[in-house]
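User: Hi! I would like to learn how the words used for a protein structure follow from the values behind them. Could you take me through some examples?

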Amino acid sequence: MTSTDATPSRNIIIIGAGIIGCSTAYYLSRHPLFSPSTTVHVIEASVNGPAQGASGKAGGLIAQWAYPKELVDVSFAEHVKLAKKYNGKERWGWRYVETGSWEGRGLLGEESGSGVGKGGKRKSLEKTLGLNCAVSQTERKSKGLPDDLLWVRDSLTDAYSPMAATGETAQVFPYQFTTSMLDLAKEKGVEFVSGKVTTIKQLDGRVTGVVYVKPGTQEQVEIHATDIILCAGAWSPSLVPGLPVTGTRAHSITIRATPGTTIAPYVLFTEISLHQAGKNVKRVTPEIYARPNNEVYACGPGDDSALPETVDDVEVDEAACESIRKHVSSISKELSEGTVEKRQACFLPIVKYNSDPLVGAATKIANGLFIAAGHTCWGICNAPGTAKAISELVMDGKIRCGNLKKLDPSRFS
């Protein structure tokens with residue numbers, strides 16, 4: 001009997017073609033037990049294809065100081081391996097970046113909003129939660145801007161300090177990374193399916209398949225499954241009612257600096273005191289991410305607006321995006337003269353009660369059901385570790401890459 005003959009037939013369905021779902025498809029397709037008797041379907045509700053939510057609209061920060069540590073310890077090393085193996089520098093913009101805290105004044109030519117989207121109250125994205133920022137004001141003000149950080153006005157800078165050591169922070173283009181993971185999985189036979197899953201079917205306490213609706217029709221299709229992995233982000237509770245996952249809407253823009261401008265690779269967490277006509281108007285805290293090819297990503301605070309029915313229904317508040325543009329332009333000539341290419345919004349999936357995602361088997365709901373959702377602002381960063389763990393759990397029956405017990409969905413009834 002060959003090893004292939006000894007491998008039981010597996011029909012695995014992944015719900016959601018965001019960064020978690022596509023990465024999971026990749027790691028399943030590279031697992032030692034993956035064989036011709038294994039089928040994997042990735043089903044995505046968006047009619048526009050994969051990575052239409054936060055996985056295509058996030059900042060793409062990869063950090064060793066992110067959270068939870070148990071997942072980061074696996075994920076960061078996997079990001080490095082993937083970038084080396086598949087030329088991530090060219091394929092999805094992988095590179096190391098410096099991370100700094102910038103405080104200063106911004107000069108407004110006209111009044112701006114807060115950057116919070118209409119219909120929701122301000123919510124922090126808590127991106128810096130894992131950083132050790134125990135630097136005194138005196139120490140910070142004694143440090144000048146780095147020599148190559150020329151795209152913020154030094155005359156407006158009150159304080160700058162590095163927030164992480166060199167080599168601890170990197171970045172990717174989220175959309176390119178997500179679609180690359182899916183394309184690599186397809187090379188091994190993984191199938192992408194466009195449709196909205198409406199039902200997870202089960203019998204005698206075990207999953208048996210899913211029902212989905214084809215785009216633009218009312219036609220329902222059922223697919224048999226031995227294992228189902230739910231990676232639908234903030235929309236996960238629509239298929240597993242009671243799952244403690246919610247969403248925070250975040251707006252962002254991308255700016256293309258003018259040709260010939262040098263945008264050094266820095267990620268800045270800012271505190272800007274906006275001034276207009278000599279008066280202090282307000283304090284804002286946009287995050288600014290310099291990207292390859294003179295692209296700059298900037299995002300504002302989150303808000304608690306209601307989650308729409310699908311990712312395709314997410315509304316973009318143009319005023320919130322314009323406020324972000326004014327805020328970052330107020331401290332940078334390069335950004336004020338650049339061209340805004342994207343104005344967008346997405347919902348970051350948040351686990352209620354704490355900041356740890358759900359990663360593991362949902363045996364309290366049904367055998368054969370696995371959950372990978374609620375990754376907050378760190379979904380891009382923690383996708384490889386999550387995917388590796390889930391692929392091991394599905395194929396081996398045990399997570400081997402680390403101790404992720406604290407993320408087990410069973411901690412919630």
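Analyst: Gladly! Let us begin with one cut-off: a residue is called buried if its relative accessible area is under 20%, and exposed if that area is over 50%. Please keep in mind that this is a predicted model.

User: Why is Asn294 counted as buried?

Analyst: Its relative accessibility is 18%. Buried means under 20%, and 18% is under that cut-off, so Asn294 counts as buried. You will find Asn294 in the loop between β17 (287-290) and β18 (295-303). Leaving out residues up to four places away in sequence, Asn294 touches Ile255, Arg256, Ala257, Thr258, Thr261, Thr262 and Ile263.

User: And what makes Ala290 buried?

Analyst: Here the value is 0% relative accessibility, so Ala290 counts as buried under the 20% cut-off. Ala290 is part of strand β17. Its contacts beyond four places in sequence include Arg95, Trp151, Gln171 and Tyr266. Ala290 and Glu98 are 192 residues apart in sequence, while their C-alpha atoms are 9.8 Å apart in space.

User: How much of the whole chain is buried?

Analyst: Of the 413 residues in the chain, 58% are buried. The chain has 10 helices and 21 strands.

User: What makes helix α2 mostly covered?

Analyst: The count of buried residues does: 11 of the 11 residues of α2 are buried. Among them are Gly21, Thr24 and Leu28.

User: Why are α2 and α7 called roughly parallel?

Analyst: Two packed helices are described by the angle between their axes and the distance between the axes. For helix α2 (residues 19-29) and helix α7 (residues 174-186), the angle is about 30 degrees and the axes are 8 Å apart. Angles under 35 degrees count as roughly parallel, and therefore α2 and α7 get that name. Their crossing is left-handed.

User: Which residues of α2 and α7 meet?

Analyst: From α2 there are Ile19, Cys22, Ser23, Ala25, Tyr26 and Ser29; they meet Phe177, Thr178, Met181, Leu182, Leu184 and Ala185 of α7. The residues of this contact comprise 9 nonpolar, 3 polar and no charged ones.

User: How many aromatic pairs are there, and why is the pair of Trp92 and Phe177 called edge-to-face?

Analyst: The structure holds 9 aromatic pairs. For Trp92 and Phe177, the ring centres are 5.1 Å apart and the planes stand at 90 degrees. Trp92 belongs to helix α5 (residues 88-92) and Phe177 to helix α7, so the pair ties together parts that are 85 residues apart in sequence. Both Trp92 and Phe177 are buried.

User: What makes Trp235 and Phe347 edge-to-face?

Analyst: Their centres are 6.3 Å apart, with 70 degrees between the planes. Trp235 sits in the loop between β13 (227-230) and β14 (245-256), and Phe347 in strand β19 (residues 339-351), 112 residues apart. Trp235 and Phe347 are both buried.

User: Which residues form an aromatic cluster?

Analyst: Trp65, Tyr67, Phe269 and Trp378 form one together.

Definitions and conventions:
Residues numbered from 1 in each chain as written. Predicted model: local features only at pLDDT ≥ 70, side-chain atom pairs only at ≥ 80, totals over all residues. Heavy atoms only, no water. Axes fitted to C-alpha atoms, helices over the stretch in contact; angles between N-to-C directions. Helix = DSSP H or I, 4+ residues; strand = E, 2+ residues; numbered from the N terminus. Parallel < 35°, antiparallel > 145°, perpendicular 65-115°, else oblique. Left-handed = near helix turned anticlockwise from the far one by under 90°. Contact = heavy atoms within 4.5 Å. Nonpolar A, V, L, I, M, F, W, Y, C, P; charged D, E, K, R; others polar. Buried < 20%, exposed > 50% of the residue type's maximum accessible area, 1.4 Å probe, protein only. Phe/Tyr/Trp six-rings, centres within 6.5 Å; stacked < 30°, edge-to-face > 60°.
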